[in-house]
Amino acid sequence: MGAEKNPRRVADNEAMAIARMLRTSPQKLNLVAGLIRGKKVEKALADLTFSKRRIAGDVKKCLQSAIANAENNHGLDVDSLVVAEAYVGKNLVMKRGRPRARGRFGKIMKPFSEITIKVRQVGESA
């Protein structure tokens, strides 16, 4: 007699992946997340592959993880997946500093953020 199975946090036609501790500000990460919202997954992967932004590689990894979760864990069809949601959250901020003139101390904030990507299977005709 094993433990009770955890209930699903997403709908039956959805899968998700979360990437935490990404070393960029949430504002910059949200620009990349906005690039893929609502698109079909193959188009979103192509956009991330050729994006000039440094963090796009980590977002692409998270999207590939969401696609793999949809296929392997939930049995969804990869060809009919779209990026339903892509939202960004704050994580910790490393506080650093540097000496400035007249005995002052200049703060340097090094923010981390996280991204959650949900993919949804749309109708078979799509």
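Helices here are DSSP runs of H or I, at least four residues, numbered from the N terminus. Keep that in mind for helix α1, residues 26-36, because Lys28 is found there. We will come back to Lys28.

One caution before we go on. This is a predicted model.

Now the overall layout. The protein has 3 helices and 3 strands. Follow the sequence and you read β-α-α-α-β-β. How does its radius of gyration sit against the globule rule? The radius is 18 Å. The rule gives 14 Å for 126 residues. The value is well over that, so the protein is more spread out than a compact globule. The C-alpha trace spans about 65 × 45 × 15 Å along its principal axes. As for burial, 33% of the 126 residues are buried.

Next, salt bridges. How many does the structure hold? There are 4. Let me take you through some of them.

Start with Glu114 and Arg20. Their side chains meet in a salt bridge, 3.8 Å from N to O. This pair links distant parts of the chain. Glu114 sits in strand β3, residues 105-121. Arg20 sits in strand β1, residues 14-22. They are 94 residues apart. Is Arg20 buried or exposed? Its relative accessible area is 54%, and the cut-off for exposed is over 50%, so Arg20 is exposed.

Now look at Asp47. Asp47 forms a salt bridge with Lys39, and the closest N and O atoms are 2.4 Å apart. Asp47 also meets Lys43 in a salt bridge, at 3.1 Å from N to O. Put together, Lys39, Lys43 and Asp47 are linked in a network of salt bridges. Where do Lys43 and Asp47 lie? Both are in helix α2, residues 41-49. They are 4 residues apart, about one turn of the helix.

Lys39 is partly exposed, at 25%. Lys43 is partly exposed too, at 45%.

Last stop, Glu71. Glu71 lies in helix α3, residues 56-73. Its relative accessible area is 45%, which makes Glu71 partly exposed. Now find Leu81, 10 residues away along the chain. The C-alpha atoms of Glu71 and Leu81 are separated by 9.9 Å.

That is the tour. Thank you.

Methods
Residues are numbered from 1 along each chain as its sequence is written. This is a predicted model: local features need pLDDT of at least 70, side-chain atom pairs count only at pLDDT 80 or more; totals for chains, interfaces and linings use all residues. Side-chain values use heavy atoms; hydrogens and water are left out. Helices (H or I, at least four residues) and strands (E, at least two) are DSSP runs, numbered from the N terminus. The radius of gyration is taken over C-alpha atoms; the globule rule is 2.2 Å times the number of residues to the power 0.38. Buried means under 20% relative accessible area, exposed over 50%, partly exposed in between (1.4 Å probe, protein chains only).
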